[in-house]
Protein chains: 2
Amino acid sequence: MAVRRRRTADESRSLILTTAAERLRIYGLEGLNITGVAEDAGISHATLIHHFGSSGGMRDALAQKMTLDLVQDLVVALDAKVSPSELARNVFAALSEGGHGKLLAWRAVEGGSGQDFSVVREMFGKLLATTQKVLEVDTREDLQRIILLVATAAIGYGIAGDTLCDLLGMSEETVDGFPQWVTAQIG
Amino acid sequence: MAVRRRRTADESRSLILTTAAERLRIYGLEGLNITGVAEDAGISHATLIHHFGSSGGMRDALAQKMTLDLVQDLVVALDAKVSPSELARNVFAALSEGGHGKLLAWRAVEGGSGQDFSVVREMFGKLLATTQKVLEVDTREDLQRIILLVATAAIGYGIAGDTLCDLLGMSEETVDGFPQWVTAQIG
DNA sequence: ACTCTTATCTACATTAATGTCAATAATATT
DNA sequence: AATATTATTGACATTAATGTAGATAAGAGT
């Protein structure tokens with residue numbers, strides 16, 4: 001038997017979740033099985049169960065971690081003192097990078113669990129406040145519409161942006177300037 | 001043994017796919033297993049395999065059917081002589097109803113298969129032509145941006161629209177008028 | 001009526017994934 | 001150095017899903 005490496009519990013959990021996220025990126029949801037993840041991480045699947053209790057426990061933990069990462073990215077995007085022209089660009093970047101689109105799509109096709117949404121509500125409170133400050137929108141309705149448009153477009157972009165740009169035959173410059181163009185439309 | 005009902009192959013395939021779509025809506029991707037679908041459809045899982053060859057065959061057939069339904073809805077939305085103010089509304093309705101959002105999310109988190117995209121390309125050709133005619137856009141870049149915005153927003157809306165509107169505390173009227181408002185922004 | 005096709009079923013086989021358990025060993029603690 | 005803790009593992013058990021095969025029967029065509 002090869003020499004056995006012993007990590008701290010946190011290190012192991014982190015290694016497992018990183019591996020799982022990578023497998024989600026490559027293989028899709030089917031890649032999130034404990035045997036596959038354990039193999040890629042170079043550990044036994046029994047160890048994985050030891051740390052997360054069950055296969056569902058691992059997936060819940062991954063969804064939670066990815067949600068926190070998403071919120072973190074959004075908070076960073078909003079915390080900087082942004083100009084109106086930068087706001088949509090930041091939100092788009094935050095939502096379309098780092099596999100966040102896959103997280104949202106995953107949640108959309110997931111059956112049960114449900115999990116905790118409080119952190120997302122918190123994020124939206126922040127989003128509302130920052131957007132109102134930056135854009136100086138008149139009515140509450142307009143503010144809601146603007147956020148809904150940017151958020152849905154960013155989500156759709158994170159999920160299908162690459163395919164759509166390809167289908168439309170868009171040049172790289174046009175794609176790059178898209179978030180800024182969106183901001184100009186609603187400004 | 002209860003009396004055995006014998007359908008035509010087409011009827012059986014249709015029954016199975018309808019049941020599968022319903023299970024996808026209710027239980028998510030986990031609901032798309034042949035035993036569960038067969039049980040809900042009131043047939044044996046062996047019959048299901050007889051018609052689709054395998055579990056993956058059933059899922060492929062379902063994805064294909066849902067894609068065709070989506071394209072069909074979009075073609076209808078675009079075939080009518082629409083005014084600019086109706087265009088976005090129609091696209092939004094077509095994408096956000098009938099579980100189309102789940103299809104797109106599914107494709108986003110799916111690993112392999114890949115399947116055929118020609119029908120989607122065809123749809124986008126139509127979308128480009130109709131939009132150009134209706135909106136009379138100056139440059140090709142603007143046309144691409146407009147379509148990208150409407151499409152991504154509609155996709156994001158189909159996947160997360162309900163949740164987002166709830167999080168934002170939007171009134172029903174504001175939600176209903178959203179597609180039209182989007183059209184006004186880009187007009 | 002008769003035959004032919006094939007949709008359907010039951011029963012079984014196979015595979016894959018999940019979960020359990022007791023033993024082992026790496027590290028921290030005393 | 002001795003002890004305690006617990007991360008780790010291999011082997012086993014269980015469950016669930018998928019797939020196979022042969023028999024049956026419903027309906028179409030003659």
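This is a predicted model: local features need pLDDT of at least 70, side-chain atom pairs count only at pLDDT 80 or more; totals for chains, interfaces and linings use all residues.
How are H4(B) and H5(B) oriented to each other, roughly parallel or roughly antiparallel?

1. Helix packing in chain B. Helix H4 (residues 55–79) of chain B packs with helix H5 (residues 84–96) of chain B at an angle of about 165°, and their axes are 9 Å apart. Angles over 145 degrees count as roughly antiparallel, and H4(B) and H5(B) are therefore roughly antiparallel to each other. The crossing of these two helices is right-handed.

2. Residues of the helix contact. H4(B) contributes B:Asp73, B:Leu74 and B:Ala77, while H5(B) contributes B:Asn90, B:Val91, B:Ala93 and B:Ala94. By class, the residues of this contact are five nonpolar, one polar and one charged.

3. Contact between the chains. Chain A and chain B each give 43 residues to their contact. On the side of chain B that touches chain A, at least two residues come from each of helix H6 (100–109), helix H7 (118–135), helix H8 (140–168) and helix H10 (178–186) of chain B. H8(B) provides the largest share of that side, with 20 residues. The side of chain B that touches chain A comprises 27 nonpolar, ten polar and six charged residues.

4. Surroundings of DNA strand C. There are 22 residues around DNA strand C, of which A:Ser54, A:Ser55, B:Ser12, B:Ser44 and B:Ala46 come nearest. Two or more residues of this surface are given by each of helix H2 (34–41) and helix H3 (45–52) of chain A, and helix H1 (9–27) and helix H3 (45–52) of chain B. The surface near DNA strand C holds nine polar, eight nonpolar and five charged residues.

Note on methods: Residues are numbered from 1 along each chain as its sequence is written. Chains are lettered from A and ligands numbered from 1 in the order in which they are written. A residue is near a molecule or strand if its C-beta atom, placed from the backbone, lies within 6 Å of it. Helices (H or I, at least four residues) and strands (E, at least two) are DSSP runs, numbered from the N terminus. Ala, Val, Leu, Ile, Met, Phe, Trp, Tyr, Cys and Pro count as nonpolar, Asp, Glu, Lys and Arg as charged, and the others, Gly among them, as polar. Axes are lines fitted to C-alpha atoms, for helices over the stretch in contact, and angles run from 0 to 180 degrees between N-to-C directions. Angles under 35 degrees count as roughly parallel, over 145 as roughly antiparallel, 65 to 115 as roughly perpendicular and the rest as oblique. A crossing is left-handed if the near helix is turned anticlockwise from the far one by less than a right angle, and right-handed if clockwise. Two residues are in contact if their C-beta atoms, placed from the backbone, lie within 7 Å.
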